[in-house]
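Please keep the sequence and the structure in view while reading.

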Amino acid sequence: MAPDVAGASSRPAPEQWLMGAEAFEGRMPHHSGIKALWETKWRFPCSKAVYPFHDGALEDFEPVFRDLIARDIDDGTSPAYTQAFLPTAQSLERRGDEALVRKDHAEASHLYLRAACVLRIARFPYLGGFPRATDDAKWAAWERQKKVYAKAGSLWSPSPLREVEVPHVFAEGRDRDTIPVYVRVPPGQQKHPAVILLTGLDGYRPDNTTRCDEFLARGWAAVVFEIPGTADCPADPADPTSPDRLLDSVFAWMEADGHFDVAHVVCWGLSSGGYYAVRAAHTHRKFLKGVVAHGAGTHHFFDREWLALADGHEYPFQLTPALAAKYGYGDDVQAYLEGAQKKFSLVETGIVQMPSTRLLLVNGTQDGLMPIEDSMLLFEYGSPKEARFFTGALHMGYPMANLSVYPWMEQVMTSSTK
């Protein structure tokens, strides 16, 4: 339940952002075109199969980007960009089908995941489906990604991927009536502790294989779904309270499903999902043993001063058009810049003044998407918080961050208090 906001007060932007004036005012080189994006930002993580290329392989992407560069296709929102990836994804899926016929399930899964990764980059940088798809070509790639990912997930014995259409029993207004959720459960008939994974602005249900494997290795079930304004989420993105109803419905389903130990549930919000994780730590504290808000924007993230230069920071394409669409403003970026902070800030709305469950804040101090100030300010409100910040690291504090998150989650899951 959201608080009475009568006592909430505005908090102005800092005179100097902690990331430093040079970084804040600078424009990263990858924004000059697809060649710069590939060569200065994306090729290295692709070679290591890390975000946003997890589950992928460099050999799948190098030819596609060389083709995009040769044809001067610099607009990541164009149909030509998306379509350039489709033949590679189709080839990988076909090879996966052939491996499946040979009953080589490991190779089939590997190839299907590579295809799903190619389709992920095809539908980048952002996709919304409320009230309709923001881009038809990217939506088609999204549907193909889910189908090929499901092929891989069906092979993951003893904990295969299960997609559940959760009834949105607390839906109101423009909310839709079902919540698509990915579920993986450890073997055994007992009820399992669970992690609710709230996805981000561009990473969705099929983009969290390794995290879910980590949960399963610890005996935890994985429950994964999108946040308002992204992909298949049924919650009205323009309604700041819609995520509360979304979680109400998910918790009601988890209680009734029978697979989950509902006394041991932790929530982990990634990037834009970190905002909703912080909110849930307060509004749903009685349901959660702990919450990880990883790279969260809570207040200054919505500040016009911050957003004025955020398009030049580390996001691969323009950030503000994606945010405007995600928060229900459609293509009206100016309306988003003028109104989002008052409407969505967890400070302005008084959420942060509520008591919370245990809350771990994780980020890099040089985050150019969600300012580190948005994690730090939470220490001035409500219940005591915990944090791990990584000096000099960018958004999410990668690659070091997960090494801090998992031990904390293990401790919370085994603690005697809720």
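Contact here means heavy atoms within 4.5 Å. The model is predicted, and side-chain atom pairs count only at pLDDT 80 or more.

- Phe-260 lies in strand β5, which spans residues 260-270, and it counts as buried because its relative accessibility is 2%, where buried means under 20%.
- Leaving aside neighbours within four places in sequence, Phe-260 is in contact with Val-183, Lys-191, His-192, Ala-194, Ala-221, Val-223, Trp-253 and Met-254.
- The C-alpha atoms of Phe-260 and His-300 are separated by 36 Å, although these residues are 40 apart along the chain.

**Nonpolar cores**

- In soluble globular proteins, nonpolar side chains tend to be buried together.
- The largest nonpolar core has 73 residues, and those with the most contacts inside it are Ile-196, Phe-225, Trp-253, Met-254, Tyr-327 and Tyr-336.
- Trp-253, when residues up to four places away in sequence are not counted, touches Val-164, Val-166, Val-181, Val-183, Val-223 and Phe-260.

**Aromatic pairs**

- The structure holds 32 aromatic pairs, one of which joins Trp-17 and Trp-306, with ring centres 4.8 Å apart and planes at 65°, so that this pair is edge-to-face.
- Trp-17 lies in the segment before α1 and Trp-306 in helix α10 (residues 304-310), so the pair ties together parts that are 289 residues apart in sequence, and both residues are buried.
- Trp-42 and Phe-124 form an aromatic pair that is also edge-to-face, at 5.9 Å centre to centre and with 65° between the planes.
- This pair links helix α2 (residues 34-48), which holds Trp-42, to the loop between α5 and α6, which holds Phe-124, the two residues being 82 apart.
- Trp-42 is buried with a relative accessible area of 2%, and Phe-124 counts as buried at 1% relative accessibility.
- One aromatic cluster includes Trp-42 and Phe-124 together with Trp-38, Phe-53, Phe-61, Phe-65, Tyr-81, Phe-85 and Phe-317.

**The crossing of α3 and α5**

- The axes of helix α3 (residues 58-70) and helix α5 (residues 105-123) come within 10 Å and cross at roughly 35°, and the crossing is right-handed.
- Glu-59, Asp-60, Phe-61 and Phe-65 in α3 meet Arg-114, Cys-117, Val-118 and Ile-121 in α5, a contact that by class has 5 nonpolar, no polar and 3 charged residues.

Terms used. Residues numbered from 1 in each chain as written. Predicted model: local features only at pLDDT ≥ 70, side-chain atom pairs only at ≥ 80, totals over all residues. Heavy atoms only, no water. Axes fitted to C-alpha atoms, helices over the stretch in contact; angles between N-to-C directions. Helix = DSSP H or I, 4+ residues; strand = E, 2+ residues; numbered from the N terminus. Left-handed = near helix turned anticlockwise from the far one by under 90°. Nonpolar A, V, L, I, M, F, W, Y, C, P; charged D, E, K, R; others polar. Core = buried A, V, L, I, M, F, W, Y, C linked by side-chain atoms within 4.5 Å. Buried < 20%, exposed > 50% of the residue type's maximum accessible area, 1.4 Å probe, protein only. Phe/Tyr/Trp six-rings, centres within 6.5 Å; stacked < 30°, edge-to-face > 60°.
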